[in-house]
Amino acid sequence: MIVQSKRVWLGGQFLAAQVEILDDKIVNVYPYDSKTVDKDYDNQRIVPGFIDVHAHGAYGFDTNDANVEGLERWLDRLPEEGITGILPTTVTQSEEVLTNAVANVAKVHKTNPKGAEILGIHFEGPYLDMEYKGAQPPQHIVPPSVEQFKKFQNAAEGLIKIITMATEHDKDFELTQYLSQNGVLVSQGHTGATYEEAIIGIANGANSFTHTFNGMTGLHHRDPNVVGAVMRSDVFAEIISDTRHVHPAVVNALFKTNPTGLMLITDSLTLKGMPKGDYELGGNQIVVDDFGTAYLKGTNTISGSTLKVNEGLRKLVEEVEVPFRLALDAATINPARAINVDDRKGKIKVGYDADLVVLADDYSVVQTYVRGKEYL
């Protein structure tokens, strides 16, 4: 199959081109109008598929539910927003719940389900700071443990690719070092660390930060804290680009300090796709407001979002005024690099997986290709 457009994202720019897909791979890229095409998208943009490395669920499903049908339903709907790769993300819970959750993801992963590809698991908690726990249940927050993590990774069949943890509570950085030496990206989050503690965490193997500005110590001009470490360091960092979790001006400043390591995430909840109103989630009372932001009822504590990635991209470019290239990289090649799949994901390039998104000028998704299969 050959598709073409006058705007195909190649080498960090739009060019008129054709992309040939065979089975699940990109096998050729030709000049525009040089071959007979199967799909002509005219002037609509063709970009690499989006990768969301931090999403808990949607449409009534949460990763912690450990429900096969719910996970399959979620995966099948993700291409609607241009997502071609996903890391289902857990929330702090009991060892039994988390074990079942990761085992369920591994089970579904082996079936090669329809929709977005499972690229791993993001394990958020339970090794967090109590003060900066956010909506994470405090009764299940525990000290970091290599032996316990090994049990989780065994149940996940090696799929845990990112872990969010407060490395300042990791005695002698034992777990941090173990993870970084065994292919798991350590992301500092829900952390009360000082600036110095965060930098020492990086020195011991942590190479990312979770939902930057949320669930961490904030920036002060005489006390830079964790946010200062994000801005000072050449590491990966997540950002929820719904303009509600973080003010647009602050997001803009973050892109100026760390333009190549940022990752657009949704941090989406099971309530994504549901109307505004009151809900119960994980034993907590949650309110979803007019903007789709979820709060612990009666508080100002944000517990997640209902953001779609294509809308997050639009906000970054049109509202935050981030250059398109940087915004797109945050949804594609940067997360691919973070989880070490950038040799096959995140670019439109011969030999890469045929993960493509066709975007209209209003950022709505016209078509998504997941490993060569058409959705929408």
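Student: In strand 9, which residue is the bridge partner of phenylalanine 50?
Tutor: Keep in mind that this is a predicted model. In strand 9, the partner of phenylalanine 50 is isoleucine 83.

Student: What is the strand order in the open sheet of 6 strands?
Tutor: The pairing in this sheet is parallel. Its edge strands, each pairing on one side only, are strand 11 (121–124) and strand 16. The order is 11-12-13-14-15-16.

Student: In strand 12, which residue is the bridge partner of glutamate 124?
Tutor: Glutamate 124 belongs to strand 11, which spans 121–124. Strand 11 and strand 12 pair in the parallel sense over 4 bridges. The partner of glutamate 124 in strand 12 is threonine 164.

Student: How many of the 6 residues of strand 12 are buried?
Tutor: Buried means under 20% relative accessible area. Strand 12 runs over residues 160–165 and is largely enclosed by the rest of the structure, because the buried residues number 5 of the 6.

Student: Over how many bridges do strand 13 and strand 14 pair?
Tutor: Strand 13 holds residues 185–188 and strand 14 holds residues 208–209. The pairing is in the parallel sense, and the number of bridges is 2.

Student: Why do the buried residues of helix 7 lie on the same side of the helix?
Tutor: Helix 7 spans residues 248–257, and its buried residues are Val251, Asn252, Leu254 and Phe255. They are on the same side of helix 7 because they cover an arc around the axis of only 160 degrees.

Student: What covers the buried residues of helix 7?
Tutor: The cover includes both helices and strands. The strands are strand 15 (236–240) and strand 16 (262–265). The helices are helix 6 (225–232), helix 8 (309–319) and helix 9 (324–331).

Student: Which residues of helix 9 are buried?
Tutor: Helix 9 is mostly covered, with 7 of its 8 residues buried. They are Phe324, Leu326, Ala327, Leu328, Asp329, Ala330 and Ala331.

Student: Is alanine 17 buried or exposed?
Tutor: Alanine 17 lies in strand 2, residues 13–22. Leaving out residues up to four places away in sequence, it touches Val3, Gln4, Ser5, Val8, Leu10, Val29, Tyr30, Pro31 and Tyr32. Its relative accessibility is 3%, so alanine 17 counts as buried.

Student: How far apart in space are alanine 17 and tyrosine 195?
Tutor: In sequence they are 178 residues apart. In space, C-alpha to C-alpha, the separation is 47 Å.

Student: Which strand supplies the largest share of the lining of the largest pocket?
Tutor: The largest pocket holds about 610 Å³ of space. Its lining has 33 residues, and the closest to its centre are Val91, Ala135, Gln136, Leu269 and Ser303. Strand 18 (284–288) and strand 20 (302–304) each supply at least two residues of the lining. The largest share, 3 residues, comes from strand 20.

Student: How many charged residues are in the lining of the largest pocket?
Tutor: By class, 11 lining residues are nonpolar and 16 are polar. The charged residues number 6.

Methods. Residues are numbered from 1 along each chain as its sequence is written. This is a predicted model: local features need pLDDT of at least 70, side-chain atom pairs count only at pLDDT 80 or more; totals for chains, interfaces and linings use all residues. Side-chain values use heavy atoms; hydrogens and water are left out. Buried means under 20% relative accessible area, exposed over 50%, partly exposed in between (1.4 Å probe, protein chains only). The arc is that of the directions from the helix axis to the C-beta atoms. Contact means heavy atoms within 4.5 Å. On a 1 Å grid over the protein atoms alone, a cavity is a set of points where a 1.4 Å probe fits but cannot get out, and a pocket is an open set with protein on both sides within 12 Å along at least five of seven lines; lining residues have an atom within 4 Å of a point. Grid points are joined across faces, edges and corners, and a volume is the space filled by probe spheres set on the points. Ala, Val, Leu, Ile, Met, Phe, Trp, Tyr, Cys and Pro count as nonpolar, Asp, Glu, Lys and Arg as charged, and the others, Gly among them, as polar. Two strands pair if DSSP finds at least two bridges between them.
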